[in-house]
Amino acid sequence: MAGIGFALRRLTQRDDLLGLIQAYAHSALASTGPWLFTILCLAGINFFAGLDLAPADLATFRLIIMYNF
């Protein structure tokens, strides 16, 4: 996340509304990107592992992940 402030400052100092909108969108993606990536990976693991694992094992995996968060 180092240097994100420089990019956001450059976008907000432009004299148009599009720069401000881009700055807000960029900051939203930078702050929620890791969380969204984690959710998508967990959904993929649950989907693909659900084919091979027992439901109790999958529930235990989800429980461990939720506890860690």
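This is a predicted model: local features need pLDDT of at least 70, side-chain atom pairs count only at pLDDT 80 or more; totals for chains, interfaces and linings use all residues.
Me: What makes up the secondary structure of the chain, and which pattern does the chain follow along the sequence?
Reply: The chain has three helices and zero strands, and reading along the sequence gives the pattern α-α-α.

Me: Why is the chain called more spread out than a compact globule?
Reply: The globule rule gives 11 Å for 69 residues, whereas the radius of gyration of the chain is 19 Å, which is well over that value, so the chain is described as more spread out than a compact globule. Along its principal axes, the C-alpha trace spans about 55 × 20 × 15 Å.

Me: How many of the residues count as buried, and what supplies the exposed area of the chain?
Reply: Buried stands for a relative accessible area under 20%, and 12% of the 69 residues count as buried. The chain exposes about 5700 Å², of which carbon and sulfur atoms supply 72%.

Me: Why is Tyr-24 called exposed, and where is its place in the chain?
Reply: A residue is called exposed when its relative accessible area is over 50%, and Tyr-24 has 58%, so Tyr-24 is exposed. Its place is in helix H2, which covers residues 17–49.

Me: Which residues make the nonpolar surface patch that includes Tyr-24?
Reply: Leu-17, Leu-20, Ile-21 and Tyr-24 make this patch, which has an area of about 440 Å².

Me: How far apart are the mean positions of the positive and negative charges?
Reply: The chain has 4 positive and 4 negative charges, and their mean positions are 11 Å apart.

Terms used:
Residues are numbered from 1 along each chain as its sequence is written. Side-chain values use heavy atoms; hydrogens and water are left out. Helices (H or I, at least four residues) and strands (E, at least two) are DSSP runs, numbered from the N terminus. The radius of gyration is taken over C-alpha atoms; the globule rule is 2.2 Å times the number of residues to the power 0.38. Buried means under 20% relative accessible area, exposed over 50%, partly exposed in between (1.4 Å probe, protein chains only). Accessible areas come from the Shrake-Rupley method with a 1.4 Å probe; for residues, only the protein chains shown count as cover. Lys and Arg count as positive and Asp and Glu as negative; His and the chain ends are not counted. The place of a charge is taken as NZ of Lys, CZ of Arg, CG of Asp or CD of Glu. Patches are made of residues with over 30% relative accessible area and no salt bridge: like charges are joined within 9 Å, nonpolar side chains (Val, Leu, Ile, Met, Phe, Trp, Tyr) within 5 Å. A salt bridge is a side-chain nitrogen of Lys or Arg within 4 Å of a carboxyl oxygen of Asp or Glu.
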